[in-house]
Protein chains: 2
Amino acid sequence: MKVITLGTSGTIPTLFRNLPSVVLQREGEIFLFDCGEGTQIQIVKSGLGFGRIKGIFISHLHGDHVTGLPGLLMTLAQSGRKEPLQILGPKGLKRFIETIKSCLGFFGEYEILVNEIEEGIVYKGDGYWIESSRVDHNTFTLGYALIEEERSGKFMLKKVLSLGVQEGPLFRELQLGRDITLKDGRVVRSKDVLGPKRPGRKVAYAIDTRPCQKVIDLAKDADLLIHDGMFSDELEEDAHLKGHSTHSQAARIAKEASVKKLVLTHISSRYRNIANADLLKNAKEIFPNIVIAHDLMKFEIPVHKSV
Amino acid sequence: MKVITLGTSGTIPTLFRNLPSVVLQREGEIFLFDCGEGTQIQIVKSGLGFGRIKGIFISHLHGDHVTGLPGLLMTLAQSGRKEPLQILGPKGLKRFIETIKSCLGFFGEYEILVNEIEEGIVYKGDGYWIESSRVDHNTFTLGYALIEEERSGKFMLKKVLSLGVQEGPLFRELQLGRDITLKDGRVVRSKDVLGPKRPGRKVAYAIDTRPCQKVIDLAKDADLLIHDGMFSDELEEDAHLKGHSTHSQAARIAKEASVKKLVLTHISSRYRNIANADLLKNAKEIFPNIVIAHDLMKFEIPVHKSV
């Protein structure tokens, strides 16, 4: 599983930071979280291509999070996409997409399935699901988490062969957790040839938001939390007023949620000339494994080993 | 007067070309022609800043020409603009901007004056005007030309002083073409102390369009013609079908309009690996002073000397 921060700016793009969008790639499927202006250009730069985009999850309908949708949807139409595209987000999303389509008169061969959602499990894939939770911004805003199911334990190939099981369909039965009976009547139990189950991975995404319990719950034990880090600590009042978080506030959320790594994004343009190390001095004391994302930064989340 | 091609791609952005937008800067005023997605980011990269944008002229309502408007309008709001902003373009522009504003709920302190226009003189400034003309695309599309008034001739300072005119308000009278009477009764005629009038400059803009007489008329004697150059010569049929021009077709338009320089833009993504010299071989035989624009390319148009 891989995360790429396509755009990492706050409300206004800068010379170095494009508007918000995050890619989550999992086994050939690509999901976008938010789609600020320029997202399609950042996708081109990332080398990912447009073909495998499965769904787009929108946090809220402030322009910096959706102004890249029209262009991306048009480019998907132009590039001959036929597979339906799911777009999920808060109420208002349908109207936004419908009016864009009708004003600009573009027609692709693919269907756009807009799903206006609230909190809960909002998407189910093969071996994972995506949850949404209402976070604390100045307008209705959703955070998201992609959560993988547990993976079956490691298949003990040598042991299976030594038990006299021949390579073929019976292997698959055992891998799926089913016991098998051999021709000589012996029973081979799946649990005897599979290692312990391997926990699934989890990535949580919460921008724009003040620090809040909902994010702690949503991100609980995540491998990666992508969190609002718009302001440095001395601007806590501004952060609260505008519905954002400071770096140390985000660090406290990461600590309380026991996540493994914290990625800060939605960075205010005022910090362009300040080194990240200086910005994160205090936050690192609260939660050490923290980084301020830059555009097109990649984070690999490897499969977990058995516990 | 300066032209900057902010984005030079065709319908789809590439690694090197952003979506269409052209800046025309004249004495501290900035005009945009079209506003594809990412235009605000290209403005940041150009170093121009947002403060001096006076008006935006939209050629037509295909998405690649307007998807940068929402983000730019929001950024102008965020940056505290108070001066009204004029946006001119074909019918449908008002609905597009109104729905964007209402869907995304952003409110600036500045007024957005949308003017749905047809052909004619659509804008008058201090010492220039802007004309529109319907060009030949698959939907109602306008080309534009900024045309300067003639400038008064060079003021012959030495001669004026030798005639006994004292520096002060009388200078201005003479510069404005008015004769003056000195205290001793002598009359100094303006025409005797001003050189011949200097022709104004002219820049024409016509994308997306097939080659057509309207563009020849619009661009007549322009210093610079920015023209649709989406396709190379062998794709003339595609160009016609899609409402665009080949490089040689654009060159013929430039020749017939007797422009000084031709800048091709709206370049199809298929040419990213082909040298411009190879693409322009035939076109240069028709009209030599031709260039394929790249993003953020600058063209200076100096004030004309006396004729």
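## Close-up views of a two-chain predicted model

**View 1. Chain B meets chain A.** Here 34 residues of chain B are in contact with 34 residues of chain A, where contact means heavy atoms within 4.5 Å. This is a predicted model in which local features need pLDDT of at least 70 and side-chain atom pairs count only at pLDDT 80 or more, while totals for chains, interfaces and linings use all residues. Residues are numbered from 1 along each chain as its sequence is written, chains are lettered from A and ligands numbered from 1 in the order in which they are written, and side-chain values use heavy atoms, with hydrogens and water left out.

The two chains bury about 2800 Å² between them, and carbon and sulfur atoms give 66% of that area; buried area is the accessible area (1.4 Å probe) that two parts lose on being put together, summed over both. Six residue pairs, both at pLDDT 80 or more, are in polar contact between chain B and chain A. A polar contact is a pair of N or O atoms within 3.5 Å; within protein, one must be able to donate a hydrogen and the other to accept it, and residues adjacent in sequence count only if both atoms are side-chain atoms. On the side of chain B that touches chain A, two or more residues come from each of helix H1 (39–46), H2, helix H3 (69–78) and helix H4 (93–104) of chain B. H4(B) gives the most to this side, with seven residues. Helices (H or I, at least four residues) and strands (E, at least two) are DSSP runs, numbered from the N terminus.

**View 2. The largest cavity has a lining from both chains.** About 40 Å³ of space lies inside the largest cavity. On a 1 Å grid over the protein atoms alone, a cavity is a set of points where a 1.4 Å probe fits but cannot get out, and lining residues have an atom within 4 Å of a point. Grid points are joined across faces, edges and corners, and a volume is the space filled by probe spheres set on the points. Among the lining residues, look for A:Gln40, A:Met74, B:Leu19 and B:Asp64. H3(A) supplies the largest share of this lining, three residues. By class, the lining has two nonpolar, six polar and one charged residues; Ala, Val, Leu, Ile, Met, Phe, Trp, Tyr, Cys and Pro count as nonpolar, Asp, Glu, Lys and Arg as charged, and the others, Gly among them, as polar.

**View 3. The second largest cavity has a nonpolar lining.** Its volume is about 40 Å³. Lining residues include B:Phe33, B:Tyr144, B:Tyr205 and B:Ile226. Strands E2 (21–26), E9 (142–148) and E12 (202–206) of chain B each supply at least two residues. The lining divides into ten nonpolar, no polar and no charged residues.

**View 4. Backbone details to zoom in on.** A cis peptide bond joins A:Ile207 and A:Asp208, with omega about -10 degrees. A:Asp208 sits in the loop between strand E12 (202–206) and helix H8 (213–219) of chain A. In chain B, a cis peptide bond links B:Ile207 and B:Asp208, with omega about -10 degrees. A:Glu27 is not a glycine, yet has a positive phi of about 45 degrees.

**View 5. A:Lys54 forms a salt bridge with A:Glu83.** The closest N and O atoms are 3.7 Å apart; a salt bridge is a side-chain nitrogen of Lys or Arg within 4 Å of a carboxyl oxygen of Asp or Glu. A:Lys54 lies in strand E4 (residues 53–57) and A:Glu83 in the loop between H3 and strand E5 (85–89) of chain A, so the pair ties together parts 29 residues apart in sequence.

Methods: 1 Å grid on protein atoms, 1.4 Å probe; cavity = no way out; pocket = protein on both sides within 12 Å on 5 of 7 lines; lining within 4 Å.
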